[in-house]
Amino acid sequence: MGSCGFAFVEFKYKEVATVVSETMNNYLMFDKILKCSLVPQERVSPAIFRGKIRPHKAPGKAARVAAKKLHNSVKMENTVAKRQVRQVKKVNKNMKKLKEAGIDYNFKIAEMSG
């Protein structure tokens with residue numbers, strides 16, 4: 001998806017927003033004239049900053065927390081069985097490659113005993 005050609009910036013303090021708006025209005029940036037103005041409070045929709053990055057919960061941290069929760073969750077029996085089958089197939093494939101290369105390497109993992 002390309003640029004829509006406009007953006008909204010949220011400031012913590014109205015005074016800072018006013019100064020930035022006045023300073024950056026008609027500013028030349030990348031061969032384009034930048035137009036800045038304050039949006040009155042009555043015209044601000046709650047959906048204007050939907051999905052924004054929250055400073056107290058960075059996006060990388062949120063993804064890590066979700067990944068940890070998924071990783072540490074209790075798995076269903078059929079999911080564990082499918083994973084074990086995949087692991088055994090992968091180990092057997094690698095063992096076959098090693099044997100074809102003339103390397104005799106033998107080991108057991110817990111999932112292979114089942």
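**Notes on a predicted protein chain**

1. Let's start with the order of the pieces: along the sequence, the protein chain runs α-β-β-α-α-α. That pattern covers four helices and two strands (DSSP runs, H or I of at least four residues for helices and E of at least two for strands, numbered from the N terminus).

2. A word on where this comes from: this is a predicted model, where local features need pLDDT of at least 70, side-chain atom pairs count only at pLDDT 80 or more, and totals for chains, interfaces and linings use all residues. Residues are numbered from 1 along each chain as its sequence is written, and side-chain values use heavy atoms, with hydrogens and water left out.

3. Now the overall shape. The protein chain has a radius of gyration of 28 Å, while a compact globule of 114 residues would be near 13 Å (taken over C-alpha atoms; the globule rule is 2.2 Å times the number of residues to the power 0.38). Along the principal axes, its C-alpha atoms fill a box of roughly 75 × 35 × 20 Å.

4. Take Ser21, which sits in helix H1 (residues 14–24). Ser21 counts as buried because its relative accessible area is 12%. Leaving out residues up to four places away in sequence, Ser21 touches Cys36, Ser37 and Leu38 (contact means heavy atoms within 4.5 Å).

Note on methods
Buried means under 20% relative accessible area, exposed over 50%, partly exposed in between (1.4 Å probe, protein chains only).
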